[in-house]
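Please look over the sequence and the fold shown below before reading on. The briefing that follows is meant to be read beside them.

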Amino acid sequence: MAHEKLIEDAQAIAGELVTLRRAIHAEPELGLHTPKTRDKVRTALAHLPLEWTEGASTTGVVAVLKGGAGEGRSVLLRGDMDALPMPEETGLDFASCNEGVMHACGHDAHTAMLAGAAELLARRAETLKGEVRFMFQPGEEGHHGARYMIEDGLLGGKDGLSLPDAAFALHVFPNAPHGVFGGRPGSLLAAADQFRITITGKGGHASLPHETMDPIPIACEIVSALQAMVTRKFSVFDPVVLTVARIEAGTTFNVVPDKAEIEGTMRSLSSENRARLREQVQRIAAGVAGAHELTADIEIVEGFPVTVCDEQAVSLGERVAGEIFGEGAFLRLDDPIMGAEDFAYVLEKVPGAMFFLGVSHEGEDWTQCCGIHSTRMMIDESVMPRGVAMLAGVAEAFLARGFD
Ligand SMILES: [Zn+2]
Ligand SMILES: [Zn+2]
């Protein structure tokens, strides 16, 4: 077994992992520019022989570790660095000092674990053939940070730098079993696009509806038609989710408004359905409004594509988890999750996988834990060394043998 010392080495740096994670947690940053977080990482890894590259669009950085055993494959490991615009209610003594900003998606832990993997792999650099690229990425929470880093050429495919041969990432989940990894080949997470429909009619007195063009019943009809569309136009074997999450119209009880607005999200697990959902929403909104002689303007805000994991990359992760942590450490998930993740952009270019890591506290009923994006979301930091060993392990295994 090549990886037998990885977990011991990761446990030995547990204190550093906690320190870095807490420092990032206490000072969360939003969006594509997370300079303080980047600087914390660079300071923590300043003693390592890494080559750092930064792009123009974001504060994302790629640090390259060259193996000492000659030319070979290239593997990318990714950690996201950004937080969410929401208050923190954990009561932790290292809770966010930035009011209204919180690391509620575990990206603080992802960044610390990636830094830990760089530490472990740098110690083994002499035995590595090829190179490891550590992608510290901002702007995951809806900001397309991974796409910008790719467009900036940081991942390769431009200026003579080739794309990596494989890519891996972790995402923590507090409401999953302590220390257990999960993954699945094929679609892991959904494509998520946003829609906004504005129905325009003609307002007037609520007692004289026939003299108005009332947008409210039309908005209701569109909501119902969209739900019928989901069940009548899409196969249950390639599921989609469409949720209308906001309806807004009117100001008081006796005035018919001029406009009504509908907003929601649509999720799909294939690029075909993603395109069809957009077409169908447009057709139905325009058609229903048109049938009543009103108009509907439809705006689609593009989110992330489907996160598709490579079968061989998932098998490699499963094998490495078994070798490092023993049987039962890796669960194959039956179903995808309809959330979305911008690591999808990386996996569109490079075969690889994202694995989930359960960070509930040991012995705790994980089904009752606050999930990600909760103001009370917490993680068991003692799981972080497992994440570090897993990241380092998949990189080491891929450089040694590829996907075999
Ligand atoms: Zn998130
Ligand atoms: Zn996340």
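Which residues in the largest nonpolar core touch the most other members? They are L77, M113, A117, V388, M390, L391 and A395, in a core of 90 residues. This is a predicted model, in which local features need pLDDT of at least 70 and side-chain atom pairs count only at pLDDT 80 or more, while totals for chains, interfaces and linings use all residues. Residues are numbered from 1 along each chain as its sequence is written, and chains are lettered from A and ligands numbered from 1 in the order in which they are written.

**Cores**
- A nonpolar core is a set of buried Ala, Val, Leu, Ile, Met, Phe, Trp, Tyr and Cys residues joined through C-beta atoms within 7 Å, where buried means that 20 or more other C-beta atoms, placed from the backbone, lie within 10 Å of the residue's own.
- Leaving aside neighbours within four places in sequence, M390 is in contact (C-beta atoms, placed from the backbone, within 7 Å) with L170, F181, V320, A321, I324 and F355.
- A second, separate core has 22 residues, including A219, I222, A260 and V281.

**Overall build**
- The protein contains ten helices and 16 strands, strands being DSSP runs of E with at least two residues.
- Of the 404 residues in the protein, 46% are buried.
- Among contacts between residues at least 6 apart in sequence, 81% join residues at least 24 apart.

Key
Helices (H or I, at least four residues) and strands (E, at least two) are DSSP runs, numbered from the N terminus. A residue is buried if 20 or more other C-beta atoms lie within 10 Å of its own, exposed if 12 or fewer, and partly exposed in between; C-beta atoms are placed from the backbone. Two residues are in contact if their C-beta atoms, placed from the backbone, lie within 7 Å.
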